[in-house]
Amino acid sequence: MNAENIDIVLVNTTHSGNIGGVARAMKNMGLTRLTLVAPLKYPAPEAVWRAASAGEILENARVVETLDEAIAECQFVVGTSARARRIPWPIQDARQCAQRIAQHSATERVAILFGREDRGLLNEELQRCNLHCHIPTHEAYSSLNLAMAVQIVAYELRMLQMGGQEGLPEDADWDTPFSKAEDMSRFYEHLETTLVDIGFLDPAAPKQLMPRLNRLFNRVRLDEMELNILRGILTETQNAASRSKN
Ligand code: SAH
């Protein structure tokens with residue numbers, strides 16, 4: 001595991017105190033990289049109070065406007081969620097997820113996303129992920145406080161790091177690097193316009209086609225060469241479609 005490759009990403013946090021609580025949880029467990037996506041109120045004194053002796057994590061935190069910016073360079077993205085969503089995604093508990101995160105972080109940039117206090121992560125944000133993480137709670141109340149959810153995931157990572165037995169992912173010997181989130185996002189846009197061009201996707205009634213295709217490719221994970229091949233196929237498909245219209 002390489003903690004330097006793991007980004008804790010907080011999306012649209014409402015209560016600044018929670019940001020401080022997250023910083024503390026991270027420092028306690030040896031994580032350092034915090035990214036804040038459009039926090040409601042930040043910097044804020046409540047964050048500093050709750051961070052206690054973890055002030056440097058706040059000082060070094062990256063503040064960005066969009067999730068796209070936050071995860072652009074990441075090759076493995078995990079979304080945490082308190083409840084199941086409409087389209088089932090590959091999902092694991094915090095302990096299993098920590099194992100995957102620790103393994104990938106040895107060689108790749110990894111992001112772990114945490115959502116808003118009131119609504120969690122939006123479906124379109126969860127669809128950007130390779131894996132979903134659920135902390136198994138009592139069925140009477142599934143939603144943890146944001147900083148406590150970060151604490152649990154960070155603790156599982158800490159336990160693995162101390163054991164030193166996390167190993168490497170199955171695809172550690174791959175010949176080509178895995179694609180970054182920003183390239184995947186361009187690919188999905190290209191795929192969507194092509195599917196519209198050839199009449200397969202009706203923009204007036206898109207149904208769940210794009211989320212399902214997102215899930216397919218995020219489940220497999222495309223390397224950079226595979227992604228380029230698919231981009232080439234899409235471009236030629238668009239060319240063929242426009243030739244047949246003329
Ligand atoms: N009411 C929201 C929960 C928000 S809690 C909802 O129903 O989705 C704020 C954040 O803490 C969540 O977005 C998630 O990142 C994390 N979190 C809270 N409880 C969790 C759980 N049981 N498993 C995984 N993450 C959880």
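**Close-up 1. A salt bridge joins Glu 108 and Arg 221.** In this predicted model, the two side chains meet at 2.7 Å, N to O. Salt bridge here means a side-chain nitrogen of Lys or Arg within 4 Å of a carboxyl oxygen of Asp or Glu. By that rule, one salt bridge turns up across the interface of domain 1 and domain 2. On the domain 1 side that touches domain 2, there are nine nonpolar, four polar and five charged residues (nonpolar is Ala, Val, Leu, Ile, Met, Phe, Trp, Tyr, Cys and Pro; charged is Asp, Glu, Lys and Arg; the others, Gly among them, are polar).

**Close-up 2. Domain 1 (3–163) sits against domain 2 (181–245).** The bounds come from an automatic or database domain assignment. Taken over C-alpha atoms, the two centres are 29 Å apart.

Close-up 3. A polar side-chain atom of Thr 80 is 2.6 Å from a ligand oxygen. On the backbone side, an N or O atom of Ile 135 lies 2.8 Å from a ligand nitrogen, and a polar atom of Asp 118 lies 3.2 Å from a ligand nitrogen.

**Notes.** Residues are numbered from 1 along each chain as its sequence is written. Local features need pLDDT of at least 70, side-chain atom pairs count only at pLDDT 80 or more, totals for chains, interfaces and linings use all residues, and side-chain values use heavy atoms, without hydrogens and water.

Methods
Contact means heavy atoms within 4.5 Å. A polar contact is a pair of N or O atoms within 3.5 Å; within protein, one must be able to donate a hydrogen and the other to accept it, and residues adjacent in sequence count only if both atoms are side-chain atoms.
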